[in-house]
Amino acid sequence: MLSTAAGFQSMLKEGARHYQGLEEAILKNIQACKEISNMTKTSLGPNGMKKMVVNHIDKIFVTSDAATILKEMEIQHPAAKMVLMAAKMQETEQGDATNFVITLAGELLQQAESLIKLGLHPSQIVVGYETALKSALDLLDQQKSWEIKDVADETQVLQAIRTSLSSKLSDYSNLIAGLVTKACIRCLPKEKTNFDSEYVRVTKILGGSVLDSHVLSGLIVTRNVEGQINRLENPKICVFNAPLDPQSQETKGTVLIKNASELMNYTKSEEELAEKIVKSIADAGVNLIVAGGSISELVLHFIEKYKMMIVKIQSKFELKRLCKAIGASALSRLSAPMPDELGTCDKVHVQEIGSQKVTIFEKQSDTCKLATIVLRGATQNLLDDIERAIDDGVSCYKSLLKDSRFVYGGGATEIKLAQLLEQEANKIKSIDQYAYRQYAQAFEIIPRILIENAGLAQNEMMAQLHKLNSEKPHSLNIQTATLTPSQDLKVYDHLKTKWWAIKLATDAAVTILRVDQIIIAKPAGGPKMPDRGHWDDQD
């Protein structure tokens, strides 16, 4: 008689894992997502705490940016990865509110967990959540409180970008928001929908204070020129991404030289070739060479002889950006360029910032307007964190060009949505009303976390917020630790950014609730990485 198979596990390869059912799959997935949410939600808002993350190459990140924290943590849990994907999609789509996505998704799953324990089936919760999502997005569109009329007006744009930055840089939000506003408006083309965030660059120079940060027109290369010429007006620019060395070869040879004449003859052919190449570049009208590789001393000598300026850029990404900005093609051959391969700009000059000499490429045209925010600060971690906040601010500006509507911030919109959805839930007679009501309550997590991170009395403030918002929109004022009429506070969140955040958080939560089995294949073999020890170990 054949023995009975040992269940589903017997069909899998040895070493594979399989989880199913309410306890093993659904509740474990919810628990993993809640852990992620609990970790990042303490970083939400202006008073949010920072996290120190040491990644796999021992680089230290001190930041409150949820996208950076989760990216560097390399989370392996499959359900938690789904929340991470939603946050990553939010970063790609709008460039901001990643923490909102993770916090809301975690709260939706927590509310779903309580319903599952009461006896509701996950599919009933999913239906209720999907119905509530449609209502929430429609209600959000009706919450518009302010709209930017002119995207080139600094006063209006500053008000919008300041809210985006204040949650990450509470100390310097006004200063950095002003710099981002100036840089973005300076780079705004005539076709306003064609704004390219690549044209707003950030250069970090250690030293000085954050208050010394400023905006410069043009693209900045953080190194001096290689030759003597350090200033040109309307240059013709040729870009090479190959080494400027005509004699660089793979093979190495040995030459025996017996006297001075043999030495002169040996180097003569090399000199002639180098001069021929440099002369052909100069004859093409080029007076500025940008090199992406090494530069031989011989080539540098002839570049000086033919009165050309030369700049070396080590980053391939920076070289690509420069080509895009000046309209040049990066050449991989060491020869004279064709006329259509040359680039041009208004001016190239060297300037000293602190103790660092930088080369500035200035160009202000209808097709390309460059601006660089020069950041000063005492530590590299501080500069990196400000740079991440600036990226969010630039993304906010790019988003408001597509949709310039804003809603009240400081928890006012979330409380209003919670109240309106609660009223809708009372009208539903089917079993879906339970999931609908829990979905409405999930929105309360945002003002609750803002209050908690500010160190205020949570229950008392939430009760007041509910009461006041039923009559007139009120937001949490972090600076005075009071509830202020939203119209007076003038803190605004971008409507479309919040719209995407709610949609992606709900989609992630619904996807996780639909999973009732987890099958993990046996991991691939191979040698393990050597144990390098813990980063904090003391000798």
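This is a predicted model: local features need pLDDT of at least 70, side-chain atom pairs count only at pLDDT 80 or more; totals for chains, interfaces and linings use all residues.

Visitor: Helices, then. At what angle do α8 and α9 pack, and how far apart are their axes?

Guide: The angle is about 45°, and the axes lie 9 Å apart. Here α8 covers residues 260–283 and α9 covers residues 297–305.

Visitor: Which residues make the contact?

Guide: From α8, they are E270, E271, A274, E275 and V278. From α9, they are L298, V299, F302, I303 and K305.

Visitor: How does that split by class?

Guide: Six are nonpolar and four are charged. No polar residues take part in the contact of α8 with α9.

Visitor: Switching to the sheet. What's the strand order?

Guide: It runs β7-β15-β14-β8. The sheet is open, with four strands and antiparallel pairing.

Visitor: Which strands sit at the edges?

Guide: β7 (219–221) and β8 (231–233) do, each pairing on one side only. On average, neighbouring strands of this sheet are turned by 30° against each other, direction ignored.

Visitor: How many bridges join β7 to β15?

Guide: Three, with the two strands running antiparallel. β15 spans residues 356–362. V221 has T359 in β15 as its bridge partner.

Visitor: New topic: Q419. Where is it found?

Guide: Q419 is in helix α12, residues 412–427.

Visitor: Is Q419 buried or exposed?

Guide: Buried, because its relative accessible area is 14% and the cut-off is under 20%.

Visitor: What does Q419 touch, leaving out residues up to four places away in sequence?

Guide: H466, N469 and S470. For a distance, the C-alpha atoms of Q419 and A80 are separated by 29 Å. Those two residues are 339 apart along the chain.

Visitor: What about K490, what is its phi?

Guide: Near 55°, again positive in a residue other than glycine. K490 lies in the loop between α16 (486–489) and β20 (492–494). K490 is partly exposed, with a relative accessible area of 43%.

Notes:
Residues are numbered from 1 along each chain as its sequence is written. Side-chain values use heavy atoms; hydrogens and water are left out. Axes are lines fitted to C-alpha atoms, for helices over the stretch in contact, and angles run from 0 to 180 degrees between N-to-C directions. Contact means heavy atoms within 4.5 Å. Ala, Val, Leu, Ile, Met, Phe, Trp, Tyr, Cys and Pro count as nonpolar, Asp, Glu, Lys and Arg as charged, and the others, Gly among them, as polar. Buried means under 20% relative accessible area, exposed over 50%, partly exposed in between (1.4 Å probe, protein chains only). Two strands pair if DSSP finds at least two bridges between them.
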